[in-house]
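Subject: Structure handover

Dear colleague,

Here is the structure I said I would pass on. My notes on its side-chain contacts follow below it.

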Amino acid sequence: MRVHFLAIGILAAIARQAQCETDSGVYQRDADTLCSTGKDGREACYPRVFNAAAEFRQIMPGQEVPAGLHIQIDMATGQRQARLMPAEAGDVDNANAVELNAGAGQEVLAVNHAYTDRFQELIERVLDAGAKSVDRSANELLDEQLDELKELVYDPRQAERLLRTPGAVAALLQLSSPMPALQAWAASTQRLSSIIIGTTVQNNPELQAMAYRLGAIPSLLHALRDERDAKTAGKHVFALSALTRGHSLALEQFINLGGFRILSELNPLASVVYKGEIEASKLDLRIVRFVEDMLNPEFNPRVAATSASMISQFAGVWCSTLAARLVDSLEDVVDDDQQTSLAYERRLAYLRSLRVLQQAHRDMCILPASFKRWKENELSRINHSDAEYRQVLENIEA
């Protein structure tokens with residue numbers, strides 16, 4: 001039997017939907033590939049555009065879903081799934097699923113109204129919280145509401161509605177700020193607020209432009225500079241990445257406000273500010289990938305000549321920085337499996353970024369002699385079965 005849904009059911013399903021940016025964000029590895037990190041710390045990469053088949057497949061975080069597909073939510077897991085529309089209408093495959101493409105009727109209308117009303121309630125809660133002094137006793141409820149709002153802004157229509165609501169972006173930026181420390185909202189609230197901003201604008205030039213005009217970049221840079229929690233800082237980086245990727249004016253503002261300097265000075269692995277090596281490692285990876293995107297002309301081809309010159313100069317500085325970190329900071333052998341995995345992932349990320357920069361900024365990306373010695377030692381040390389790491393290392397011109 002075809003499963004029908006009610007407003008309360010669909011809202012509950014949306015609230016439990018697969019997390020796109022709860023513990024780590026979605027980033028674009030290249031023009032056709034997205035990657036995300038789950039709660040277990042494992043990274044998964046997949047096509048940017050969802051590839052539909054006859055059977056239901058899970059929609060991964062951040063994926064673009066073509067129009068005309070049969071989409072449903074699995075009520076047991078909260079996962080969104082999609083497949084090609086069947087030639088003839090049939091029963092829903094999963095008894096735990098609710099359909100999102102039901103025919104027109106009163107039930108669908110009721111869901112749409114409930115969906116819209118709930119979204120408005122959540123925005124009003126954000127506006128109220130942003131306008132008042134910090135109330136730590138209300139933090140748990142506010143976080144639940146922000147988490148629900150985060151799921152709803154995956155819908156571009158709701159994302160635009162949020163940005164067009166007077167004061168909404170300012171309220172989210174206020175909630176994301178870590179300063180003053182004694183009057184700031186909890187770290188969880190700061191993280192969720194930055195996640196919402198990033199999720200709202202990612203891969204949407206029109207919404208990027210709106211957030212840019214509303215002053216999101218300077219506020220997030222201040223938050224990142226003052227942040228003392230590595231996990232929260234990572235969410236600020238996610239939001240900044242979503243705002244600047246492919247948006248030349250936003251990138252130019254980021255550069256003019258000293259964004260490159262702020263990122264290069266963070267150096268989470270060497271900092272005594274951030275507690276917890278694993279979260280510091282994740283922040284480091286996020287920064288490296290963010291900088292790689294900004295320095296890659298393919299992602300930002302239309303920046304002004306002055307900004308392009310600053311990008312080229314920083315590319316030279318960043319090449320030397322990554323090389324020095326590989327030589328000086330990543331030699332330690334750790335016993336913890338997760339830390340070992342992260343150390344290996346960092347090396348790969350550093351080397352891949354170096355390769356991109358060598359290709360895009362050949363005259364500026366000059367590596368020191370110490371890196372050449374390190375590369376030779378590393379090639380002799382690593383196991384020959386590690387073909388991926390060896391190939392990436394060999395591709396670096398030292």
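Tyr344 is partly exposed, with 30% relative accessible area. In this predicted model, the partner of Tyr344 is Tyr389, and the two rings make a tilted aromatic pair, with 5.6 Å between centres and 50° between planes. The angle is why the pair is called tilted: stacked needs planes under 30 degrees apart and edge-to-face needs over 60. The two tyrosines bring together distant parts of the chain, Tyr344 being in helix 14 and Tyr389 in helix 16, 45 residues apart.

The whole structure has six aromatic pairs. Another of them is Phe254 with Phe290, an edge-to-face pair at 5.6 Å centre to centre and 70° between the planes. Phe254 belongs to helix 10 and Phe290 to helix 12, so this contact ties together parts 36 residues apart in sequence.

Next, the cysteines. There are two disulfides in the structure. In one, the sulfur atoms of Cys35 and Cys45 are 2.0 Å apart. The S-S torsion here is about 105°, so this disulfide is right-handed. Cys35 sits in strand 2 (residues 33-37) and Cys45 in strand 3 (residues 43-47), so the bond ties together parts 10 residues apart in sequence. Cys35 is buried at 0% relative accessibility, whereas Cys45 is partly exposed at 45%.

The other disulfide joins Cys319 and Cys365, with 1.9 Å between the sulfur atoms. Its torsion is about -105°, so it is left-handed. It links distant parts of the chain, 46 residues apart: Cys319 is in helix 13 (residues 305-329), and Cys365 is in the loop between helix 14 (337-360) and helix 15 (369-381). Cys319 and Cys365 are both buried. With bonded cysteines counted along the chain, the pattern is 1-2, 3-4.

That leaves the charged side chains. The count of salt bridges is 23. One of them pairs Arg245 with Asp293, at 2.9 Å from N to O. This pair, too, links distant parts of the chain: Arg245 is in the loop between helix 9 (230-244) and helix 10 (248-256), Asp293 is in helix 12 (residues 277-295), and 48 residues separate them. Arg245 and Asp293 are both buried.

Glu394 and Arg390 also form a salt bridge, with an N to O distance of 3.8 Å. Both are in helix 16 (residues 387-394), and because they are four residues apart, about one helical turn separates them. Glu394 is partly exposed at 46% relative accessibility, while Arg390 is buried with a relative accessible area of 14%.

Asp226 and Arg225 form a further salt bridge, the closest N and O atoms being 3.3 Å apart. Asp226 is partly exposed at 21% relative accessibility; the cut-off for buried is under 20%, which is why Asp226 does not count as buried. Arg225 is partly exposed as well, at 42%. Finally, salt bridges link Arg118, Glu121 and Glu148 in a network.

Regards

Conventions:
Residues numbered from 1 in each chain as written. Predicted model: local features only at pLDDT ≥ 70, side-chain atom pairs only at ≥ 80, totals over all residues. Heavy atoms only, no water. Salt bridge = Lys/Arg side-chain N within 4 Å of Asp/Glu carboxyl O. Buried < 20%, exposed > 50% of the residue type's maximum accessible area, 1.4 Å probe, protein only. Disulfide = S-S within 2.5 Å. Phe/Tyr/Trp six-rings, centres within 6.5 Å; stacked < 30°, edge-to-face > 60°.
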